[in-house]
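Let's take a walk through this one together. Have the viewer ready, and we'll stop at a few spots along the way.

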Amino acid sequence: MDALTGLLGDEATVVPVADRARYLADWSRDLKGLARTVIRPRSAAEVALVVQECLARGLPIVPQGGHTGLVGGATPSGDGTEVVISLERLNAIREIDAVNFSMIAEAGCILQNIHAAALARDCLFPLQLGAQGSCQIGGNIATNAGGINVIRYGMTRDLVLGLEVVLPDGRIWNGLRKLRKNNTGYDLKQIFLGSEGTLGIVTAACLKLFPKPNQTETALVAVGSPQAAIALLGRARRDLSDLLSAFELLPRRGVELALGVMPGLRDPLRTPSPYYILMETSASGLVDLRSLIEQFLGGAMASDLVSDGTIAANVAQASEFWRIREGMIEAQVQRGRHLRTDVSVPISSIAAFLETADADLRRIGPDVIPIAFGHLGDGNIHFNVIPPATLDESAKTTLLRSCENIIFEIVDQLGGSISAEHGIGRVKRDAFLSRSTALDTTLLRGIKKVFDPTGLMNPGRMV
Ligand SMILES: Cc1cc2nc3c(=O)[nH]c(=O)nc-3n(C[C@H](O)[C@H](O)[C@H](O)COP(=O)(O)OP(=O)(O)OC[C@H]3O[C@@H](n4cnc5c(N)ncnc54)[C@H](O)[C@@H]3O)c2cc1C
């Protein structure tokens, strides 16, 4: 600590125990650890100095963003040996080039601040997720975050033009290009997207911007079954051209949970329905978006795909619809420890997945509450399970593990992925490696070795 304080000054190290709590426990508070020290550099050069110092002393490093990741990647381990490097003080927006539709932001910029900076220049940065008030763009890049707009704009991987990264030996790799097309050799920046801090520390990124939409239409519609939801998705993709930006599945059970915890929230439609779709379209320019969505929903109702629905009359009503989505997560948090998954299957297999998983979990016990919701338009479902409140912690652990195994087995059978968004971290490492072939593992470990031969960069995560 003396050495690091000497290099970076007193303010860079977090000493008081009370101030350290948020660096040691993740957003959910399910995961807690200890750190040798928490250090907060202010520039890429300072990050490089800290990395070199840790390397010289053989100290393992944990890069940390907003600490909203849900798989323990940024939470230090329990043995107190790891140095947490928080990126929170690298929070400058270095440049916005509205002609090039690009922004260069430092890794510690909070995602919501990036949205605001883009909007101020009539641009849009489309990555949107529930944690956007706390997560950082560096964390989004390290996890290749998804969110609600993937159906239209892609994952974070599709939104990054260039990166600046401090490598595990302390050298700074400058790949901060602003180009949309560049086919000169391997696309090195892509190796860091989704690498979860195991190959280096992202210090800045050049992000792709889009024209700011000047029209948005949000609709909440009732569908009778997952099959109807999938049929509606296919129709929406055809009828709404490329203007569909979100297509989220909400089960009735989840809506009821949300109504129970969000003050002032009302049941959105007159008659309850087993499932709802929350969909959003947006456009800039001369498109008549309102009439497009009205025609689309009219057609869907005439073909009995949708039994009821409403288009938000204004921005306030649209945010009420989104509050239902947020309330489902809040209600689950309030129930305490529960199983969170973020699996994906081919869109054509979603209905089979939901039906099989629901039926198999019901066999475990009548008090288990499965809640399946999420980014239906991307084949990505959060199939979560709330255990009975009466169980003690150890019984909950056993039960939730069995539920996870059941869900993952169905995902395997359908050719899906056990993580569509949150990544592997420490929590899913064993499940990930047990599904990797020998060749996958050889390639993964080979890549890790090229970048991080000493294995000190985020050890025990992913590989
Ligand atoms: C309410 C809620 C909703 C969410 N919704 C979504 C969603 O819709 N889609 C989605 O994809 N995720 C979602 N998440 C998960 C989470 O927000 C994302 O994974 C997010 O990208 C993590 O960013 P962070 O800054 O909090 O990273 P952290 O949690 O701090 O770190 C995550 C991983 O990235 C590494 N890391 C962090 N910063 C850097 C850096 N600068 N350089 C190198 N490695 C780094 C860490 O070591 C760790 O392995 C949600 C989480 C919550 C709590």
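Is E196 buried or exposed? Before answering, keep in mind that this is a predicted model. E196 has a relative accessibility of 10%, so it counts as buried, because the cut-off for that label is under 20%. To find E196, look in the loop between helix 7 (189-192) and strand 9. Its backbone deserves a glance too: phi of E196 is near 55°, a positive value in a residue other than glycine.

Now jump to R29, which also isn't a glycine and has a positive phi, about 65°. R29 sits in the loop between helix 2 (17-24) and strand 1 (37-39). How does R29 come out on accessibility? With a relative value of 46%, R29 counts as partly exposed, because that class lies between the 20% and 50% limits.

Next, the ligand. There are 35 residues around the ligand, and P63, G65, G66, T68 and G69 come nearest. How much of the ligand does the protein cover? On its own the ligand exposes 990 Å², and the protein buries 96% of that.

Strand 2 (61-64), helix 5 (137-143) and strand 9 (201-208) are the elements that give two or more residues to it. Helix 5 gives the most, with five residues. By residue type, the shell around the ligand divides into 20 polar, 13 nonpolar and two charged.

Last stop: the surface. W27, I329 and V333 form a nonpolar patch there, and together they have about 240 Å² of accessible area. Take I329, which lies in helix 11 (residues 315-334).

How values were computed. Residues numbered from 1 in each chain as written. Predicted model: local features only at pLDDT ≥ 70, side-chain atom pairs only at ≥ 80, totals over all residues. Heavy atoms only, no water. Patch = residues over 30% accessible without salt bridge, like charges linked within 9 Å, V, L, I, M, F, W, Y side chains within 5 Å. Areas by Shrake-Rupley, 256 points an atom, 1.4 Å probe, with all protein chains shown as cover. Salt bridge = Lys/Arg side-chain N within 4 Å of Asp/Glu carboxyl O. Helix = DSSP H or I, 4+ residues; strand = E, 2+ residues; numbered from the N terminus. Near = heavy atom within 4 Å. Nonpolar A, V, L, I, M, F, W, Y, C, P; charged D, E, K, R; others polar. Buried < 20%, exposed > 50% of the residue type's maximum accessible area, 1.4 Å probe, protein only.
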